[in-house]
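Here is a short briefing for a reader who is new to this structure. It goes by topic.

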Amino acid sequence: MCLWCRIRQKNPKKKTYYAAHVMTPLLSAPGEKMAAVQDAPMELDSEKETKPEILSDGTSNLSGNTASGTLSSPPLTAGGAPKQEDQQTLIAVLQFLRRNKLTESVDILRREACLEDQEDSQTLDGSGGGKGDGDGGDANSLLSRVSIASAAAPQSTLTPIPVKSEYDQPDVSVVLSAYSQQGDPSLYQVYYTGLKNFIESVLDCHRAELSQLFYPLFVHMYLELVYNNHETKAKAFFEKFSGDQECYYQDDLQILCGLTKKEHLKGNEALLDFRTSRFVLRISRDSYQLLKRHLQERHNNQIWNIIQEHLYIDIFDGMPRSKSQIDSMSGSFAGETRREVNKAKVFYGLLKEPEIEVPLDDEDDEAENEEGKPKKKKTKKDSMGSKSKKQDPNAPQQNRIPLPELKDSDKLDKIMYMKESTKRIRLGPENLPSICFYSFLNAYQGLTAVDFTDDSSLLAGGFADSTVRVWSATPKKLRKVKSAAELNLIDKESDDVLERIMDEKTASESKNLYGHSGPVYGVSFSPDRNYLLSSSEDGTVRLWSLQTFTCLVGYKGHNYPVWDTHFSPFGYYFVSGGHDRVARLWATDHYQPLRIFAGHLADVTCTRFHPNSNYVVTGSTDRTIRLWDVLNGNCVRFFTGHKGPIHSLAFSPNGKFLASGSTDGRVLLWDIGHGLMIGELKGHTDTIYALKFSRDGEILASGSMDNTVRLWDSMKAFDDMETDDFTAATGHIPLPDNSQELLLGMYHSKSTPVTHLHFTRRNLLLAAGAYNSQ
Amino acid sequence: MAEERRQKLCSVILPTESMKAIAESVGVGSLQEESCLALSEEVSYRIKEIAQDALKFMHHGKRRKLTTGDIDHALKLKNVEPLYGFQSQEFIPFRFASGGGRELHFYEEKEVDLSDIINTPLPRVPLDVSLKVPKEQQKTDSTEPLKAVKPGQEEEGSIQTKGQGASSAEVKGKEKMRMKPRSTHELSVEQQLYYKEITEACVGSCEAKRAEALQSIATDPGLYQMLPRFSTFISEGVRVNVVQNNLALLIYLMRMVKALMDNPTLYLEKYLHELIPAVVTCIVSKQLCLRPDVDNHWALRDFAARLMAQSCKTFSTTTNNIQSRITKTFTKALLDDKTQWTTRYGCIAGLAELGHDVIKTLIIPRLSVEGARIKAVMDGPVVSNIDKIGADHVQSLLLKHCACVVAKTRPLPDMVDQYKADYGYLGTMLCSHVVKARAQAAFQAQTVNRTTLTITQPRPTLSMSQSGLSASSGSRTPNIIKVPSSLTLMSTRPGTPTQPSPPATKYIVMATSAGAASTQQVITLSSSQSGSSVTSTVPSNPTSLQPLVKLESGTTGAVSGSRPLQKYIVVSLPSSSSSLENKGSGVLPSSTSPISMESAVKLERSESPAANIQSPH
């Protein structure tokens, strides 16, 4: 994936071609596997002539660069002139393309770059490769220079976040080669201590901001020491300074501490990520100037080099942030969000409800409603209808994403939904929902995932013993469709044909679905209740029919465990995310993914569709959340602030807000439109595995490993926040610490961790979990 | 501190010796020290890596415990063959042995007999996963939250501690449906101390302490967790002390019952099955004290009867029918000719406390019969002092309770002759009582005075000389209610001439007649009774009425000195005539019993631990 980005960056003129090549229409089978586009910004680094247009935005232009020119020396300038580098880059790209048998692309690229004569100039790598480790042998070493050049280029306002996927594992030696230039290892401690003393001596208002430097510098310096085989020094360095780091980096430090040899760096993906992605810091201009001045005075080139090469400092004008503000946003694997990333417009509004003529079956209504107030109900219905007619300005075009046609059964379901929603209970702080707990008994197999259908009629559980079980949550039993031979005998003209096709003999309260060969980590029902998706450790996502209770398709693509999957609210599409660090968008009738959302630096742990089906949100072990546009595969929102892997996500019903829960026991609330964190709900003491908004969005329910369900006043949390475009510009707002006020209720189960939460259409809260007898 | 821990983590590396050992195990003889070091570092690092991956699987498996399966999956991620079949029951399957200067760890494998495996029954199939939903909630759409816990700082703290406690209301609310395994409610240390203090004070010798303890029971609001313990304490205490005829302790226990009933925060209904039998025992037991002629066990009966009446009033419902069942029990005993005076007294007291209606319908019609019985004792030949006292008490009891009822119901002219005609022997006295009662009622609306129970007897000292009865008879059947004279419990003093055995040997003989008809009668009576009073009284199994001899060679009990104590309990069913006689005398009839005793003893000596013996009557 990252190569594609690089291709685009290096060759902006060919962007159209590649874009056309890459963006397969959603509903047609993609030609190649690379169907999705990386979120990389269009700005490019090495194309000097394009620069002026790109840097049109004054503030976003990294203003530090004006000064950086003096200090930053591209590490490999010795390797050759820029012109030559470009050529090497192109050669590398060509070789990659050839290796992947993309001959057409090779031809085009070669023609346009006038490179006919240079394709076999592999001799270059000897002269220009990184020091010491010229073991790449082929294009890899060239690639290394490409990446190094791009990473080190001082002008790069926005380096793309280079991403690995299984297609192109960047060679480790390449990635690490930048560490080969080194100072005196014995001085590292002196450098670090010097910076530490400086930061501790500056004014309080700057100290918090500059303290952010500690962690990335610490890691990079440690890795440099390790890379250069100064094992004992590295250990001493680690022991001396690891205690200074923020507690939320504990997990990463644990990985680091085991790493003491150069060989260990190979194959450690976490550190590759750390190296390849530049750690993002957000620092106010004043603080930055202070730092720069200090480093210049001291001629502390070692640290300055690291800052230049491995860090990205996002400078903003205005007051320096406080410690708590910084803490609320930091913690992710690769630093904070760059403000530019969240500038893209997101159509978070809901799609217009399709016009459905509600049959005026008043007799039916009256049968259900003894009071018989058809008049009142009618007006309500009308009001709902009128609301949906008005087009939400924030909503995407109705056909922005091709959606499946509504079937008759879907319309019936919509009508049912409307009827139910008229009986919905209006929740609020004074009117909390009842909670009905579905506990799984005797689940020795390990309950790993649960899902309810939207109408709460079915319940599916995924188990660690590879089975998926479906229960009926209503007295109605589950029945299979009759076999083909039997179906032939049925009178197809009869009115109750749908009833006749069901085999009464198979009626039972639950059905088992066998097919996976590893623990099932995610299950999701289709909105029409005909299908069930399950994702498993065996690397597949399976689609099951709930008519025949058999497996229909096994979607293979993730070669590693698939942690989560989720159906689109309109059906047909679904998204999955797994250990291979990408999320994939699929359509049920395609065996290959339509989009691959790559960008996360670690496992994608959970995936959810936006209510309007135009966006997909993913949470990851790298402690970040990304919102992806289904249409073009771009990452349109990037949220940092969690201090642990994210295990649950939920959109508010109006599509405006997002809630996320992680292993750190905190729930964070996000404003999607402005790309801001707007709330933090503290209280849980263990991983939050379930989050759900009530049907009207007034209440947020969270369920956790600590055996509690907590209800939060989400209405208040959202209303209290004054988010406008101005606050969005600064990228941060002061967060009140009001978790206690927002907590409406807390319900303990005795020994049942809460795995899933679901609000019925009438706002009864259903919770599910496995009773743990120990 | 965190730093220290981290450093520690950092330095954890497998010892080089294990590398050597592993190398040897795969046939690499001599491994250089440097290679070992390099290997151990590498291996340690890889192991840490795998552990970190395994943690991911644990998190996604929604568990808190890392399993071997997680590690297998992590290995699979790294394209390493997972470790199949390395699941051991024990934590570390290796055993250690040393000898000959060598230390050895080995894997212990037991030899298993194949036939054993084949012949062992298959283990039970584990239960399948099932889904549990609170049914009553499934359909409700009520907006009332299950258990509202208002968020608040202090409250939250308390909730958290509660949540950890054994039985919190919140937990019950939500988990009601899945509390399948019976949970033991453990008392906290403080509660245990409290319980110990209270029970000791209640049955101890210090009256001031007792008053305090009873006060505490009657008023403390937080005793519901200890209620089952108290109720068991009382029921067991009565069971033991009735056998030992320890009147004082019985009184103390009844006072505890009273205190529990007085506590407004306790609801005793769930424990009536233990309390009512205990109370009824104290009302109708044939013997409650060691010296029936001197001790005032009558007061205890009165007191218990009042407790009974109170619990009937409080807890009797149309479903449990406590009052009617209790009434039936009393009446049946009263109607029985063979009922002893003590029991008779208890029955009458119990009935009388139930109210005027009960007196009117059940006691007054019996007045003439009872009168004749009393007359027979009073005027007849002096049989025993005890009978006389009993009759005397019954008489005054009848007069006391009946007088006011009669005064209310009977039209005015109180003619002695009329009374005599109506009520027989008691008529004369009743008449004077009625006249007095009428005068009193006219004088003032004075309530029937309720005597408060006072201890009229010093706490009996349990000494060896008192026949060693203080030894607890553990083999007593659980049936406390020996209601209508179906069984007689008596003891022979050790000094009985027929006993050649050492003084510590003790016989408890429940004598009976051999008359088949009468035996039959008794059994049916008692069994029918147990049928009628199944829930509230102790489960009285009719088999306990079977003649039974039990040998207890025990050092149990307080008297267990250095000598082994031998105890015989001979139970048999009473005959119509002789048993009455026995009851009257309180001592075994010297003519018949010794023979039976002899035979019983002989049988015992012939090493039968529990022999059924037919009494030779």
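**Helix 2 of chain B**

The buried residues of helix 2 of chain B pack against helix 3 (33-60) of chain B. Contact means heavy atoms within 4.5 Å, and buried means under 20% relative accessible area, exposed over 50%, partly exposed in between (1.4 Å probe, protein chains only). Helices (H or I, at least four residues) and strands (E, at least two) are DSSP runs, numbered from the N terminus.

This is a predicted model: local features need pLDDT of at least 70, side-chain atom pairs count only at pLDDT 80 or more, and totals for chains, interfaces and linings use all residues. Residues are numbered from 1 along each chain as its sequence is written, chains are lettered from A and ligands numbered from 1 in the order in which they are written, and side-chain values use heavy atoms, with hydrogens and water left out.

- In helix 2 (residues 16-25) of chain B, Thr16(B), Met19(B) and Ala23(B) are the buried residues.
- These buried residues fall within an arc of 50° seen down the axis of helix 2 of chain B, so they line one face of the helix; the arc is that of the directions from the helix axis to the C-beta atoms.
- Glu17(B), Glu24(B) and Ser25(B) are exposed on the other side of helix 2 of chain B.

**Helix 9 of chain B**

- Gln191(B), Ile198(B), Thr199(B), Ala201(B) and Cys202(B) are the buried residues of helix 9 (residues 189-203) of chain B.
- They lie within an arc of 165° seen down the axis of helix 9 of chain B, so they line one face of the helix.
- They pack against helix 10 (207-219), helix 11 (227-244) and helix 12 (247-262) of chain B.
- The face turned away from the buried side of helix 9 of chain B carries the exposed residues Val189(B) and Leu193(B).

**Strands 22 and 23 of chain A**

- Strand 22 (residues 646-651) of chain A has 6 of its 6 residues buried, so it is largely enclosed by the rest of the structure.
- Strand 22 of chain A runs antiparallel to strand 23 (residues 657-662) of chain A, joined by 5 bridges; strands pair if DSSP finds at least two bridges between them.
- The two strands form a hairpin with 5 residues between them.
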